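Good morning, colleagues. Please take a moment with the sequence and the structure before I go through a few of the features.

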Amino acid sequence: MNIIDTGIYKHKLQADQPKQMASTIAELVFIHAPGVGHVMSTMEIAKLLVSRDHHLSITVLVIKPLPNPIFGSGSAITTYINSLSKNAMDRISFIQLHQDETPPVMDSKAPVASTQAFINSHCKYTIYDDQNEDILELSSSSDSMISIPSFVKPVPTKVFPATILSREGLEIFLFCARKLREAKAIMVNTFMELETHAIKSLMEDRTIPPVYAVGPILNLEGAAGNMSENDVIRWLDSQPPSSVVFLCFGSMRCFEEVQVKEIAHALERSGYRFVWSLRRPPTDQTTRAPTDYEDPATILPEGFLERTAGIGKVTGRVPQVALLAHHAVRGFVSHCGWNSLLESLWFGVPSATWPIYAEQQINAFEMVVELGLAVEIKLDYKKDMFNHEVDEVIVMAEEIERGIRRLMEDNDVRTKVKEMSEKSRAAVIKGGSSYASVDYLIQDFVRNIF
């Protein structure tokens with residue numbers, strides 16, 4: 001469940017016009033978290049709102065972050081906004097804010113702007129504030145489980161975001177969660193049919209503002225665009241339908257050589273056709289962003305590319321949406337970012353979970369255990385995102401191979417994902433749950449004008 005990153009809104013009345021909806025322009029101001037994935041979600045909900053009601057006008061305050069290991073290089077946001085400016089959008093404008101040049105202080109105790117964790121944090125200030133329970137104490141055991149109202153099943157503390165496992169991180173996390181109670185409403189990038197229990201539990205809680213499930217909010221332009229010149233797409237075009245496993249761990253995450261070799265061994269042993277988006281750890285500490293390998297053979301097991309030449313494709317960064325939409329792709333090994341999970345459900349492609357940081361572990365738990373819409377490679381894997389010298393867990397080839405086989409062979413999960421795909425598409429069309437939720441949200445905006 002992903003909170004849409006929006007801020008305040010205001011309004012003005014057209015001059016010499018009565019206070020009636022027909023003559024009123026509601027001006028909304030959107031403030032996004034400083035990451036390209038967040039600004040994309042913000043833009044998609046902005047486009048949806050102005051398309052649904054011509055009385056709405058939206059200004060997006062564009063925040064370009066300093067390079068950091070959470071959001072990466074601010075150049076990605078600039079590139080994305082520049083691409084939008086080439087196509088004028090009626091009643092959507094941008095104001096690029098001055099960049100704060102103060103160098104960020106990043107350490108393992110710094111808070112992460114986690115999305116699923118923010119919504120589920122409602123349950124943790126319930127636990128912390130109302131029930132006087134110490135979350136740090138509850139989390140001290142790797143085997144401990146906590147009952148959370150937005151989940152049907154008890155949640156293991158090992159899938160909580162790493163930031164709340166320190167006193168400093170927890171205090172900031174709780175501060176953010178408490179501030180949610182002061183909002184007039186909360187938009188969430190999910191839909192009723194996907195997270196029925198969670199949404200109902202939030203709606204029934206009178207201590208928090210109204211919750212509007214308006215998703216899935218997706219940027220699908222990459223699937224609809226002309227990708228015929230893309231080398232990976234051309235390779236997929238030559239593969240049998242529903243035969244390829246696609247591995248991609250997000251735009252900001254990568255693995256060291258020892259883990260890369262274990263993934264390679266697992267793929268080769270499984271025998272499945274594959275596309276692997278393999279990224280190189282950052283060499284530039286200014287941007288801290290992964291790059292593509294000039295020659296992947298330098299990090300892969302000797303002879304791997306030659307032995308898998310007929311069935312595999314190792315590449316750099318790829319258009320993820322276009323690959324998930326391709327008829328040859330059968331399964332998706334994912335870092336469990338919420339946008340990625342919604343995309344995989346939209347296209348009916350089951351996921352195998354390999355979370356890395358932020359809220360991804362609790363996303364993985366929800367998809368595998370709570371909803372039965374994914375299979376597990378790992379649920380609690382955490383990689384140090386601040387490039388500290390720590391001993392990180394290595395997921396061995398045997399475990400990866402088992403997960404890939406389940407992903408490609410579990411027909412029960414596949415059937416559930418196909419059914420959820422149909423529900424996700426139905427939710428956003430007229431008569432659907434999210435379509436109606438957007439209507440109610442717009443009515444809420446209008447009520448606040450008068």
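V258 sits in helix α9, which covers residues 257–270. Please bear in mind that the model is predicted. How exposed is V258? Its relative accessible area is 46%, so V258 is classed as partly exposed. Together with I394 and M396, V258 makes up a nonpolar surface patch of about 230 Å².

Let me stay with helix α9 and turn to charge. E268 and R307 form a salt bridge in which the closest N and O atoms are 2.5 Å apart. What does this pair tie together? E268 belongs to helix α9 and R307 to helix α10, residues 304–307, so the contact links parts that are 39 residues apart in sequence. Both ends are partly exposed: E268 has a relative accessibility of 28%, and R307 has a relative accessible area of 47%.

How many salt bridges does the whole structure hold? The search returns 14.

In the pair K47 and E44, the side chains meet at 3.0 Å, N to O. These two residues are 3 apart in helix α1, residues 36–52, and therefore about one helical turn separates them. Is E44 buried or exposed? With a relative accessible area of 13%, E44 is buried, whereas K47, at 21% relative accessibility, is partly exposed. The cut-off for buried is under 20%, which is why the two residues fall into separate classes. The other pair is D90 with R91, whose closest N and O atoms lie 3.4 Å apart. Here D90 counts as exposed at 58% relative accessibility, and R91 counts as partly exposed at 25%.

Finally, the sheet. Six strands form an open sheet with parallel pairing, in the order β14-β11-β10-β15-β16-β17. Which strands are at the edges? They are β14 (312–315) and β17 (374–376), each of which pairs on one side only. From one strand to the next, the twist averages 20 degrees. Within this sheet, β10 (residues 244–248) and β15 (residues 329–334) run parallel and pair over 5 bridges. C248 is found opposite S334 of β15. In general, strands of a sheet pair through backbone hydrogen bonds, either parallel or antiparallel.

Thank you for your attention.

Conventions:
Residues numbered from 1 in each chain as written. Predicted model: local features only at pLDDT ≥ 70, side-chain atom pairs only at ≥ 80, totals over all residues. Heavy atoms only, no water. Pairing = 2+ DSSP bridges. Helix = DSSP H or I, 4+ residues; strand = E, 2+ residues; numbered from the N terminus. Axes fitted to C-alpha atoms, helices over the stretch in contact; angles between N-to-C directions. Patch = residues over 30% accessible without salt bridge, like charges linked within 9 Å, V, L, I, M, F, W, Y side chains within 5 Å. Areas by Shrake-Rupley, 256 points an atom, 1.4 Å probe, with all protein chains shown as cover. Salt bridge = Lys/Arg side-chain N within 4 Å of Asp/Glu carboxyl O. Buried < 20%, exposed > 50% of the residue type's maximum accessible area, 1.4 Å probe, protein only.
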